[in-house]
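Look at the structure shown here and keep the sequence beside it.

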Amino acid sequence: MKLILLGAPGAGKGTQAEILCKKLAIPTISTGNILRAAIKDGTPTGLKAKSYIDAGALVPDEVIIGIVNERLAQDDCKNGYILDGVPRTIAQAEALEKTGIQFDAVVSIEISEEEILRRMSGRRVCAACGSSYNVEFVPPRREGICDNCGGKLIQRKDDTPETVRERLKVYHTETEPLVDFYRQRGLLRPVQSAPTKEGTTQAILAALGIDEK
Ligand code: AMP
């Protein structure tokens with residue numbers, strides 16, 4: 001199964017990708033997580049990406065395309081994968097198409113802007129493994145500590161209200177056109193975000209025609 005998760009920042013792509021990759025036993029490729037790890041490790045890619053991310057802007061397409069191609073060539077991607085946060089521009093989608101990859105579906109998680117702002121102020125991520133939480137909707141078992149690895153939960157620097165507003169603007173101009181791009185290719189599965197993460201997972205599985213038994 002080769003899946004793309006589309007949706008505005010804060011729509012819950014990361015959370016759903018984590019759940020789905022366990023259920024479907026395929027890896028998640030999150031360009032946001034890869035870039036944050038590169039920044040933490042001080043790699044050349046990380047150094048290049050940092051100023052864009054901190055400003056709420058998109059990292060240049062050629063950087064992203066390089067990262068994704070390298071990651072998809074790894075062994076664990078043989079039986080499929082979930083793309084979380086990529087593609088984010090038409091140029092990235094076209095670059096993926098050029099490689100000949102046939103996606104099974106593109107799930108677009110739909111959510112109101114008001115809800116996005118509410119969710120992003122409560123979002124926390126694990127500084128060690130990148131897992132995402134929300135103090136209100138998806139709390140960890142122990143406050144401030146990652147359920148998966150015991151790492152410390154932090155607020156992302158690009159989750160401040162001004163940067164969130166910029167990221168939403170960028171989403172509307174650069175990423176939203178992908179909805180039509182994939183609709184035209186017959187791949188789009190729109191899914192309404194539910195009040196709980198479990199509800200949204202059920203809606204995604206139903207849209208994919210996966211019977212959970
Ligand atoms: P995310 O964790 O997916 O919200 O990504 C955080 C930030 O990383 C974004 O606001 C961008 O600055 C950058 N980023 C992640 N994925 C991409 C992408 N596919 N194209 C361009 N920039 C990206």
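Two residues are in contact when heavy atoms of theirs lie within 4.5 Å. The model is a predicted one, in which local features need pLDDT of at least 70 and side-chain atom pairs count only at pLDDT 80 or more, while totals for chains, interfaces and linings use all residues. Residues are numbered from 1 along each chain as its sequence is written, and side-chain values use heavy atoms, with hydrogens and water left out.

Start with Ser132. Ser132 sits in strand β6, residues 132-134; strands (E, at least two residues) and helices (H or I, at least four) are DSSP runs numbered from the N terminus. With neighbours within four places in sequence set aside, Ser132 is in contact with Gly14, Thr15, Glu18, Arg124 and Val125. Is Ser132 buried or exposed? Its relative accessible area is 13%, so Ser132 is buried. Buried means under 20% relative accessible area, exposed means over 50%, and partly exposed is in between, with a 1.4 Å probe and protein chains only.

Next comes Arg119, which belongs to helix α6 (residues 113-122). Arg119 has 14% relative accessibility and therefore counts as buried. Which residues does Arg119 touch, not counting those up to four places away in sequence? They are Gly10, Ala11, Gly12, Ile111, Asn134, Phe137, Ser193 and Ala194. The side chain of Arg119 also makes a polar contact with the side chain of Ser193, at 2.9 Å. A polar contact is a pair of N or O atoms within 3.5 Å; within protein, one atom must be able to donate a hydrogen and the other to accept it, and residues adjacent in sequence count only if both atoms are side-chain atoms. A polar atom of the Arg119 side chain lies 3.4 Å from the backbone oxygen of Ala11.

Thr201 is part of helix α9, residues 197-207. Because its relative accessible area is 2%, Thr201 is buried. Leaving aside neighbours within four places in sequence, the contacts of Thr201 are Gln16, Ile19, Leu20 and Lys23. Thr201 and Leu20 are 181 residues apart along the chain, yet their C-alpha atoms are separated by 7.6 Å.

Lys48 lies in helix α3 and, at 52% relative accessibility, counts as exposed. From Lys48 to Asn148 there are 100 residues in sequence and 29 Å in space, C-alpha to C-alpha.

Two details of the backbone belong to loops. Ala25 is in the loop between α1 (13-24) and β2 (28-30). The phi of Ala25 is near 55°, a positive value in a residue other than glycine, and at 67% relative accessibility Ala25 counts as exposed. In the loop between β3 and α5 lies Pro87, which a cis peptide bond joins to Val86, with omega about 0°.

Now turn to the cores. In soluble globular proteins, nonpolar side chains tend to be buried together. A nonpolar core is a set of buried Ala, Val, Leu, Ile, Met, Phe, Trp, Tyr and Cys residues joined through side-chain atoms within 4.5 Å. The largest one has 26 residues, of which Leu72, Leu83 and Tyr182 touch the most other members. At least two residues of this core come from each of β1 (2-7), α3 (44-55), α4 (61-72), β3 (81-84), α5 (90-98) and α8 (177-184). Helix α4 gives the most, with five residues. Leu72 is in contact with Ile29, Cys77, Tyr81, Leu83, Leu96 and Ile101, neighbours within four places in sequence aside. Apart from this core lies another, of 22 residues, including Val107, Ile111, Val164 and Leu208.

The last stop is the ligand. Around the ligand are 16 residues, and Thr31, Arg36, Ala57, Gly85 and Gln92 come nearest; a residue is near a molecule or strand if one of its heavy atoms lies within 4 Å of it. Helix α2 (residues 31-41) gives the most to this shell, with four residues. An oxygen atom of the ligand lies 2.6 Å from a backbone N or O atom of Ala57. Arg88 has a polar side-chain atom 3.0 Å from an oxygen atom of the ligand. In the side chain of Gln92, an N or O atom is 2.9 Å from a nitrogen atom of the ligand.
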